Amino acid sequence: MHKFIASSLLGIFCVLSSNALAKVVVPSLNDLPVLKEESQHQTACSRTANYFLRSHYKTVTLDNAFADKVIFQYLRYLDYSRSLFTQSEIDNIYENRIRILKALNLCDLSYPYELYNLALKKRFNKYVTMKNLLSEGSISLDDNDSIEIDRTKATFAQNQTDLKDLWIKELKNDLINQIVSGKDYASAVTKLTRRYDAFLSRLAQTNSEDVFSTFENAFATAIDPHTNYLSPIDSDNFNDDINLSLEGIGAVLTTDDEYTIISDLVPGSPASASKKLKKKDKIVGVRQEDGTYDDIIGWRLYDVVKKIKGPKGTKVTLDIERETNSNITNFKVTLIRDKIKLQDREAKGKVVDYNGNKIGVITIQSFYTDLHKDLQREIVKLNEQNIKSLVIDLRSNGGGLLPEATLSTGLFIKDGPVVLVRDAQGTILPQVDTNKSISYTGPLVVLINRLSASSSEIMAAALRDYGRAVIVGETSFGKGTVQQNRPLSRVYDFSEQVLGSVHYTIAKFYRINGGSTQLKGVEADILLPSLIDDKEFGESTELNALQWDRIQPVPYNAFLNLEHYIPKLKEQSALRSKDNEVFDIFKSESKRYQDLMQSGRLSLNLKERQLLKEQDDAIKLDNINTRLALMGKEPIEKLDDLEDDFEFEDVILDEAVAIADDFATLIGQKEYKASEAPILTRFKVVDTDGEVDVKINLNDSSANM
């Protein structure tokens, strides 16, 4: 499950800033660019349409109904909070379906660009209005007013007066958030003024590729949520992510109003090795090896990334501004860009001591190139330490490469099908583990959560269906589709146009028992508390998601009949969980959040919000101190006393480890193999039409794959 955004993982050199006091340049309305398509966009548009319309798993008909879907998605990008356009303007946009269809079918992009330019002006007007209201000092925070928590499904304003009323409410909310966070009124006004100036500055930096990318992604997501157009820089970042490497300085960046902030340093990278950079440092300028310099205050992160990343062996100098104890210091740091290996995201194993037993834990954050080799390496290390049981932690693993899911699963089974892949023509191709060796033969637990998706679900589902692993945690995301990435450039292109790529759905995958994980996900055998709301996250919340279905199951050899062990494991886990104070905290925090979201609105009365904040902080402080006490640590007096990088004990993983120990005890400590294990000969498949009894010949190894 990939969300394609400009990567902020960089390799960076720092420099002394002579422009530390530079201010963001605030544009006028006339400074806004009038954006038009560029020559490469005709090529990219036609090739993108070719992939989406002819190669996608889902049949797409370019009619009015589909045009409405594209318009809806485009407006979500242009006016997410529904605070720019009035209802009559929205109606007019939908009346221009024919121009949207021309953009999709004939690559006449004039109307998408026209809409984007209009939205730019409207957004500019919104922030200028909010800034002016702020400077007038006429905003009252004593009224009994409220604002919708989520405006993505709200009705559009009827007229400009209603729009301005929405802006005033948004401004009030911004002010209240600043004040309840500890700022006085004057400081809050200063902070928001800078923020709105930064917003306005970035509007003037919008370019033609932004428009093209936005519209093509509206086209893509109108088909299904995992189809995307990737701009040239996003394509590079996608490859970096899959290969766990990039060339740069090794800093993770974010933005805070007009500033670019270092939020983390990659261990072993040039940025980390310099010993000169720290988290929260501000980068205010970038100088290249040829002497060219850019004051990046107010720049978009996307553009800062392009300036700091670069080929291995080249130099870059950063102007740094650091604030410590209200003092601001400025300095320069020069770094040599290098190939950055994102080792912190590799599969890593460790041994946890539980009741005197050694339990192995391997964390897998994504299914990247050669994951199975890293996983094999970690298994060997753990086997050498004579672990009693193993936990595979797939929490928040959004997936990755399908072949890696097959190869990694194959380390735990003798051989056989891992997942069934059905293409648009209905052809079913099993992905099969052909290696008869098993790297780890002992008791296995797989830990998942709501953000475990795609390849994570393939691995978890296969290990569960083979009777190989008990699944612990939550129901997974429910992404049962397969995507393919294709560059838009061609070897026969004679121009120097730089094109991006497309990422589109080509198939659905199914469990070997025939059921899809699409929408429904993989259910945990033993549920554990979560802070993730499944009503907000998951495939079932995504627009235009493909539907659930099932196909004929395939023969496979099971290891254990897990149904024999799961009731006892659930009983033992429940006994531990009922007295687990942290689990109780998770449940109460989740309920508080759900209650707030269900209320639908936030008060815009400062006193009411301050009281709400005080109550919220008191609960948080009490919960934190409860958890600190359980860790044997001293309580804190206020929330700010907790260090930013403090890590609480991972109680969910702790319970998964306990379940793994229970599992090992129940089945005995000897290694178990398919030939020795109880064989599961029947199981139930449940679909929307009812319960179906399915027979599988689990001992037939001659199945036609």
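So, the handedness of the disulfide: the link between Cys 45 and Cys 107 is left-handed, with -95 degrees about the S-S bond. A disulfide here is a pair of cysteine sulfur atoms within 2.5 Å, and this pair sits at 2.2 Å, S to S. By that rule the count is 1 disulfide. It ties together distant parts of the chain, 62 residues apart: Cys 45 is in helix H1 (residues 39-54), while Cys 107 is in the loop between helix H4 (97-105) and helix H5 (110-136). Helices (H or I, at least four residues) and strands (E, at least two) are DSSP runs, numbered from the N terminus.

Before I go on: this is a predicted model, where local features need pLDDT of at least 70, side-chain atom pairs count only at pLDDT 80 or more, and totals for chains, interfaces and linings use all residues. Residues are numbered from 1 along each chain as its sequence is written, and side-chain values use heavy atoms, with hydrogens and water left out.

Are those two cysteines buried or exposed? Buried means under 20% relative accessible area, exposed over 50%, and partly exposed in between (1.4 Å probe, protein chains only). Cys 45 is at 1%, so it counts as buried, and Cys 107, at 7%, is buried as well.

Next stop, Ala 188, in helix H7 (residues 185-203). Ala 188 is buried, at 0%. Leaving out residues up to four places away in sequence, Ala 188 touches Leu 175, Gln 178, Ile 179 and Lys 183; contact means heavy atoms within 4.5 Å.

Now the sheet. It's open, with 6 strands in the order S13-S14-S15-S18-S19-S22 and mixed pairing. Strands pair if DSSP finds at least two bridges between them. Strand S13 (348-354) and strand S22 (526-527) are at the edges with a single partner strand each, so one side of each has no neighbour in the sheet. S22 pairs with strand S19 (residues 470-473) in the parallel sense, over 2 bridges.

Last, confidence. pLDDT is the predictor's confidence in each residue, from 0 to 100. The chain's mean is 88, and 90% of its residues reach 70 or more. Over residues 1-21, though, pLDDT is below 50, and this stretch has 116 contacts in the model beyond near neighbours in sequence. Residues 669-705 also stay under 50, with 74 contacts beyond four places in sequence.
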